[in-house]
Structures are given as C-alpha cells and as structure tokens.
Amino acid sequence: MVTSSTKFSGRTAVRGWIAAMTLGTSAACAPLASPLDAEVLINTAPGDYELGVVEISTAVDLATGRGEDFDVLGGVKVAGLEGIDTLGRRDLYPDYDALRTRNRETAGGVAVAPNLTTVEGVVRGTDFDSLQYLTIFHNFEQVFAFYRDVANDGSEATSDFGIVGFYAELVLSSVAPVPILGADNAAYYPMTDGWLTLRVADIESIPLAMNPAVIAHEFGHRSFMANVFRSSDAAFEIWRTNTATTTPDNRTLRATNLLRGVDEGLADLQAVAFSRDPNFVAPSVAVAEVSQTRDLNGEYAQFATYAILDDASLIASTGIGCTGPDLSESGFNFYCLGTVLVRALWVGADSDVEVLRNEISPAVVRALPNLGDRIVAETDANEVIDFEIEYILEAIAAELTGVRQTRVCDAFRSKFFQQITNGLVPSCN
Amino acid sequence: MQLSSSLRGVIAFALIVCAAPTAAAQDAEPTYPREKDFETYFDRPRSPSAPNTESRITVDLPYLMSTKVGPSGGATLFEGTPAIRAGMLFPAPQALDFMNVLGATARLGFDSALGFTFSGSGTLNISGTSFLMLSETRGILALDFDLPIVTVMPYVFAGGVGGAGLKSVSVLGVSRVYTDLVVGLRSGVGVVLKLWWVTLRLDSGVGLRNGQPEVVSSMALGLMF
C-alpha cells in the first residue's frame, strides 16, 4: 500500500515536472508581442540622449525582430550588381513589386537573436548589440508614426511592409560578397525597399542607427521614392532607366545630382521636423565638416546659395568647404545642395520646429507626387531624365498658402535668386 | 618497428644540420650523431604486442575559441579565452584493444581547463562589457602513435562547459549589470604532437551553448609526461 502510494506520488511528480517544463518552454517560445515596455536609448532634447523606458507598440515578436510594419533581419547582404541587373530585366521584373521581391530574396536575412531579459516588466538588452537592436526597433516605430500622423504621408512609404537589416552589408555581388559599405552608417536601399543599419566600428558617440533622426532621414528616402517615382508607371520607368545607366552623360549626371541633392535635403528636413533638432546629425558624425555643412543654423547653411555652393569666397568666409566636383560631374557633394534647399524651408518656417512639423513637412509630402508628374512631363521619350531645381521649388510653394507661402517664397528668393526672379517658380511671383 | 636505412639517413642528416651551428659556436668536438644513441632510440620495442602502458599527464596553456551567432542573427561573435588546462591519459581497458593497430596505443582520459575572458563593444559613450570565467571538462579517447622523434596522438573529445560572469551595458555614465551564466556541451576531434615533453595541441568541434550552436576550437602549447 505504501509502495503503491509512493509510486503514485512519483508519477504525479514526474507528470507535474513534465507539465511545468512544457509550460516553461511554451512561455519561452511565446512571441514577445506588444504592448511592451522596453529600455532603449532615447533622444530627450536636441543633442541629449539617455536610457529610458518606452512602449513598444507594434512588435509581433520582439525576440525575433518581427513587427507589424517592418521586420528587423540579421545577415542581410544587399548585392549591388544583382540589383542593377534586375533593373534591366523588364521581362522578369516588370514592376516595382516584382523587382523588390527579387532583390529581397537575393539580400536574404534571418531572424535576429538579441539577448533580452525582463526586469520589473521592462524588456532590456543585456549587451551593446541587443540594446542597439531594441533602440532601432523603437526608432522605426516612432518614425513610421511620424510620417503617418505628422507628415501625413499616405503613400506606400507608410503602408508597405518594410525590412530593416540589422548589421547589414552592401556588397558588390552575392557571388563575390566584397563589402562596399559595412560599418558606421545607415541607409535606405530602394532596390529592396529596405534599410540597412550597419555595425559600429569607429563612431565615438551615438551610433547612427541609434540616432532616431537619422532613421527619420533614411525613411525620408523611402517617402521620396514612393511619392515621386512610384506615383505613376511613367515615373517608375524613368527611375528604372536612369538608375540602371552606368555611364550617364553630363546632362543626365547633372539631373541625377540635382535630384539626389533634393532627396537628401528633404530627408534632412523631415529628420529635423521629427527630432526638433536643426543639427541632428552632429551627435553621430565625428567629422566636423560633415555636421557643419548640414547644420541648418550653421554658417554654411546661412551663407551658401544655389548659385554659390562651393565658391572660394564662401569657403573663406565660413571656413567650411563643400568643395568637390561640379554639379555635372560624378562625385558632386549633393548634401550641400540639400542644405541650401532645407535652409530656405527652415527660414520659411520662421526657424520654428512646430511650424516645420505642422505646415512645411506635410506640404513637402504633398508636393512630391507633383514633382513626379513634372519629371515625367519634362523627360524625353528616351526616358533620359531631366530635372531643374525650380521643379521642386514650385511644387512646394504651390502646396503652401497665405503667410507661409510668402515666407517660404522670400526664403527661396534669397537662396535661389535666379529661379525666382526669372519667374521659374510661378507660385512665388 | 623498423625504419628503412634511407629514413634513418634523413633523420641523421637533419640532426647534423641542426646541431652543427651550436656545436661550432661552442667550439666543441662534433660528437653528433652518436650511432649508439640512435640505435638505442630506434630499437625500443613498439608493437601492438608490447603497448606503451604508461599513463600520461598533460599540462598546457590553451587559447579556447568559440564562434557563435550574435544578437544580429547573422554576424558571428568570436570569443577567445586564454586558459590553463591539465589532464591525464590512461591506457585504455582491454575492451578497446581492437584499437591498438598500426603500433598505436589506445588511451582514455580527461582534461579540465579554466579560463577567463573579457570583451567590450560599442562606442565611447554607449558600450557593453563582459567578464566571464569559463571551465571546460572533457573526456578523451586517443590513439598514441609513438613515432620516432615525435609522438602523434589524434583524439576525439566530448564534454561540458560551464561558466559564470558579469556583463554590463553602459550608456552615458548609467550602467546596467547582469549576471552571465554559461552551460553547454562540446565534442570534436583534435591532435597532440609531442616532441620530447613539449606538446602542440590543436582541436576543433561543435557545441551547444545556452541552447545555441557554436563552433569551438583551441590551440595549446604545453607539456606531457
């Protein structure tokens, strides 16, 4: 009787242990889904960062990087040559969706495996990489929300599912994966419609991907792509043809440099609107020249104009060089052009971040499809792109009214004097 | 085991070349090679019928290496641990006599290593550091080929690894400290090259550490008696 009882107790104990282990395993494998509190690096004020607890609101499984709007993937290797090759294969990849699907397949990616722990209900990363991962997830959540709710971007930029490569690499080719870009940067790559956040090597302060404004900047490129070049089939074909061109002539190079300058500038504008920091890049860029040329209140932004981007007298007066190849040459520093454009919009917003957020930022997003239409209208039958700076000036000015339009046009006049005085921006006449 | 006369010649030539500069420097009479010493060495009995029944003690300084998938899921993390390791190898029981082929002596044994590792990552203001004390104990099955000049000892191993330490994340002066516990299993293959008492030891294998796969390897310089 005693033996029987002992056996029964033993079996019960074993069953209980198995049940407990099963539950434990289930709990360990259960998705870490929102709503969640997590400890991340937060930007409390311009230039100020600290550890803080935030709510993660769109995680499907934070432990593996899955989200409602995007997935964070490890091991992404974006292949440059294959990307260019797909652009020329219209038979296989007739539209952007097919092109994107193919390039995402080539880039690959696996679930991330951060080291997380939960302390008093707050998810924490227990090493540098895992803290960076949590911060990146939070940054993308915030940026998606900003573009939807503040910039009012209703395009595919905010509705399409995104991928974020965590410690991704841009390589020459998937066959010969020679790294082209492997550390200390963040980027948007239109071929995969995804972002690359690169590992940290020589950054001294805030890693670029942990700087939320940098993520807002990179998201700005997706917004530009979606609103300008995916707004119509014709615009997409122009983008496709010109991106695939490996030996552009000077005219095409000039148009491309201008467009890239506008793209970079407007991405900076949205980053400033998002972060409320006119010099958002400074905490993450050790090279003073880079941050000085992008500081909207800096000397370069104040004194440079479209006519004088890299004049010797400008460099002499500001001490800041934005020298380099000419607008019609490869290697042109398009960030400088971007700063001139954004400085005009910043002054047009009375240097007030709330005006920038509430009026200028949505107006810029509304202007982008019109810019796409203008590019289509001005481009010849061979789809060789044509672009002039007044196209974007007019598109933005047309989206503003009243005092704000007047202020912005005044600012345009000081930075783009010839375009305004020659009547190339009708909304500012 | 009998060596061909040509092999003896090669070894003798090698010793003459190696020994000559030292002898010349000391201005001593060139007494090497001594034919008698060679004969004594080469004529030692080594055959399956007369296995080397001595136990061996090993002491070495390994650099334990572990490569595993990092938090990014893609990029790998490397961990190198300098350690000290000691162990014993005994003649295998009779049940393993079938392994005593080609003049080899099967040996069973174990070794145990203790090491410390420190690592850091991040930037000046945001960083992570980790300090870990790691212990590894392995069972070893080896074949002892007592060749002329060197002893070659290929082996297989299986064992466990455990450790404890601290890791911290520091952000602009604010630190979070966490305990770091490691439990794992490892197995693989290796080889010991023994010249007189000095050993060079290399091994490689796979493991499961805290539920995640890892590739392990080590290289060590040590002594074997």
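This is a predicted model: local features need pLDDT of at least 70, side-chain atom pairs count only at pLDDT 80 or more; totals for chains, interfaces and linings use all residues.
Are Phe144(A) and Trp195(A) buried or exposed? Both are buried. Over all chains, the search finds 24 aromatic pairs.

Stay with helix 4. It covers residues 128-149 of chain A, and it meets helix 8, residues 250-275 of chain A. Two numbers matter here. Packed helices in general are described by the angle between their axes and the distance between the axes. The axes of helix 4 and helix 8 of chain A come within 11 Å and cross at roughly 105°. An angle of 65 to 115 degrees counts as roughly perpendicular, so helix 4 of chain A is roughly perpendicular to helix 8 of chain A.

Which residues make that contact? From helix 4 of chain A, they are Gln142(A), Val143(A), Phe146(A) and Tyr147(A). From helix 8 of chain A, they are Gln270(A), Ala273(A) and Phe274(A). Sorted by class, the contact between helix 4 and helix 8 of chain A has 5 nonpolar residues, 2 polar ones and no charged ones.

Now a loop residue. Asn211(A) lies between strand 14 (194-197) and helix 6 (212-229) of chain A. Buried or exposed? Asn211(A) has 1% relative accessibility, and the cut-off for buried is under 20%, so Asn211(A) counts as buried.

What does the side chain of Asn211(A) do there? It makes a polar contact with the side chain of Tyr49(A), at 3.1 Å. The side chain of Asn211(A) also reaches the backbone oxygen of Phe280(A), at 3.0 Å. Set aside neighbours within four places in sequence, and the contacts of Asn211(A) are Tyr49(A), Asn139(A), Ile206(A), Phe280(A), Pro283(A) and Ser284(A).

Back to helix 3 of chain A, for Arg102(A). Arg102(A) is at 33% relative accessibility, so it counts as partly exposed. Not counting residues up to four places away in sequence, Arg102(A) touches Thr86(A) and Tyr93(A). Val60(A) is 42 residues from Arg102(A) along the chain, and their C-alpha atoms are separated by 25 Å.

Last, the overall view. Chain A has 16 helices and 14 strands. Of its 429 residues, 54% count as buried. Look at contacts in chain A between residues at least 6 apart in sequence: 72% join residues at least 24 apart.

And chain B? It has 2 helices and 8 strands. Along the sequence, chain B reads α-α-β-β-β-β-β-β-β-β. Of the 225 residues of chain B, 39% count as buried. Among chain B contacts between residues at least 6 apart in sequence, 59% join residues at least 24 apart.

Terms used:
Residues are numbered from 1 along each chain as its sequence is written. Chains are lettered from A and ligands numbered from 1 in the order in which they are written. Side-chain values use heavy atoms; hydrogens and water are left out. Axes are lines fitted to C-alpha atoms, for helices over the stretch in contact, and angles run from 0 to 180 degrees between N-to-C directions. Helices (H or I, at least four residues) and strands (E, at least two) are DSSP runs, numbered from the N terminus. Angles under 35 degrees count as roughly parallel, over 145 as roughly antiparallel, 65 to 115 as roughly perpendicular and the rest as oblique. Contact means heavy atoms within 4.5 Å. Ala, Val, Leu, Ile, Met, Phe, Trp, Tyr, Cys and Pro count as nonpolar, Asp, Glu, Lys and Arg as charged, and the others, Gly among them, as polar. Buried means under 20% relative accessible area, exposed over 50%, partly exposed in between (1.4 Å probe, protein chains only). A polar contact is a pair of N or O atoms within 3.5 Å; within protein, one must be able to donate a hydrogen and the other to accept it, and residues adjacent in sequence count only if both atoms are side-chain atoms. Rings of Phe, Tyr and Trp (its six-membered ring) pair if their centres lie within 6.5 Å; planes under 30 degrees apart count as stacked, over 60 as edge-to-face and the rest as tilted.
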